[in-house]
Amino acid sequence: MTAGPDEARAALHRLRAEVAKAVVGQDSVVTGLVIALLCRGHVLLEGVPGVAKTLLIRTVATALELDSKRVQFTPDLMPGDVTGSLIFDPHTAAFTFREGPVFTNLLLADEINRTPPKTQSALLEVMEERQVSVEGGRRPLPDPFIVAATQNPVEYEGTYPLPEAQLDRFLLKLTVPLPTREEELGVLRAHHAGFDPRDLAAAGVRPVASAADLAAARAAVGQVHVAEPLLGYLVDLCRATRTTPALELGASPRGATALLNTAKAWAWLAGRDHVVPDDVKAVARPTLRHRLRLRPEVELDGVGVDSVLDAVLATVPTPR
């Protein structure tokens, strides 16, 4: 039975409550992952160690009935360790392809900036093409397929930072914050009561949405209306980032396209069939923050990218 758009929306809204059985807080990050799935985009997660990034991905995958895998990126990781490689089978005297961890629905690329550019590029090519090329043959990845890559914002020794051209391939950059005092108390109470993060079934996490729901949701998001003045507003916002004195690199046209898609997904999740300016403002920071580069003197003054984005959002005229 094909899921309808209303049923799909209701199923995705149930996701928050289901994830909360294992992960305390992080509602905004869960919403960001849902938007990425709706837009077929990838997510960069930034947060200090110990804020449940791995648990969050596993719980979202379980609640959506999706397959998930995790790769710990290290300096000695080779491209074939990620994408898969040809293995000689002595029984058949032929080479067979052994699939890598990218053959999944939700891939957690843990500490992506700890592996050399060659391996980073192999993953980013897979993200863009959604296939693995081996000896001239193409092997498509499952659908849906998104990558959630993590970065540690406080430790840069021994890392290979992603260049801007590769950062631009990610749909969203989500900040995974430290929990509030009450949320941290909730974490301790759960562990004191016997919660095991390796056993989600015991925590009561069950599938609340399916691939059919996700397909219906994607089709509905594609039908969300965007008026011509809103299209102009999206372009003006991105063009403003290219001329603001605080930035030496603004949002590219790919950034404008990403902002259009995320605003449509946000509007649909809110129950509307059209985009309003508040939808654009709600997703502007996670969609654009990683596509911008501050001028060194501005960065030394302690100004952050989000603050510059706030200023741009406040100055660009909002259509009525």
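Is Gln-26 buried or exposed? In this predicted model, Gln-26 is buried, with a relative accessible area of 11%. The residue sits in the loop between helix H1 (5-19) and helix H2 (27-39). Its phi is positive, about 65°, although Gln-26 is not a glycine.

Glu-65 also has a positive phi, about 55°, and is not a glycine. Here the setting is the loop between helix H3 (53-63) and strand E2 (68-72). Glu-65 is exposed, with a relative accessible area of 54%. A further backbone feature is the cis peptide bond that joins Asp-143 and Pro-144, with omega about 5°. Pro-144 belongs to the loop between strand E7 (137-140) and strand E8 (146-151).

The domain assignment divides the chain into domain 1 (5-217) and domain 2 (224-315). Their centres, taken over C-alpha atoms, are 24 Å apart. Domain 1 gives 21 residues to the contact, and domain 2 gives 18. About 1,800 Å² is buried between the two domains, 62% of it on carbon and sulfur atoms. On the domain 1 side, Arg-9, Asp-168 and Lys-173 lose the most area to domain 2. Together they account for 32% of what that side buries.

Polar interactions also link the domains. Three salt bridges are counted between domain 1 and domain 2, along with 11 residue pairs in polar contact. The side of domain 1 that touches domain 2 draws two or more residues from each of H1, H2, helix H6 (164-167) and strand E9 (172-175). Its residues comprise 13 nonpolar, three polar and five charged. Asp-168 forms a salt bridge with Arg-254, the closest N and O atoms lying 2.8 Å apart.

Note on methods. Residues are numbered from 1 along each chain as its sequence is written. This is a predicted model: local features need pLDDT of at least 70, side-chain atom pairs count only at pLDDT 80 or more; totals for chains, interfaces and linings use all residues. Side-chain values use heavy atoms; hydrogens and water are left out. Helices (H or I, at least four residues) and strands (E, at least two) are DSSP runs, numbered from the N terminus. Buried means under 20% relative accessible area, exposed over 50%, partly exposed in between (1.4 Å probe, protein chains only). Domain bounds come from an automatic or database domain assignment. Contact means heavy atoms within 4.5 Å. Buried area is the accessible area (1.4 Å probe) that two parts lose on being put together, summed over both. A salt bridge is a side-chain nitrogen of Lys or Arg within 4 Å of a carboxyl oxygen of Asp or Glu. A polar contact is a pair of N or O atoms within 3.5 Å; within protein, one must be able to donate a hydrogen and the other to accept it, and residues adjacent in sequence count only if both atoms are side-chain atoms. Ala, Val, Leu, Ile, Met, Phe, Trp, Tyr, Cys and Pro count as nonpolar, Asp, Glu, Lys and Arg as charged, and the others, Gly among them, as polar.
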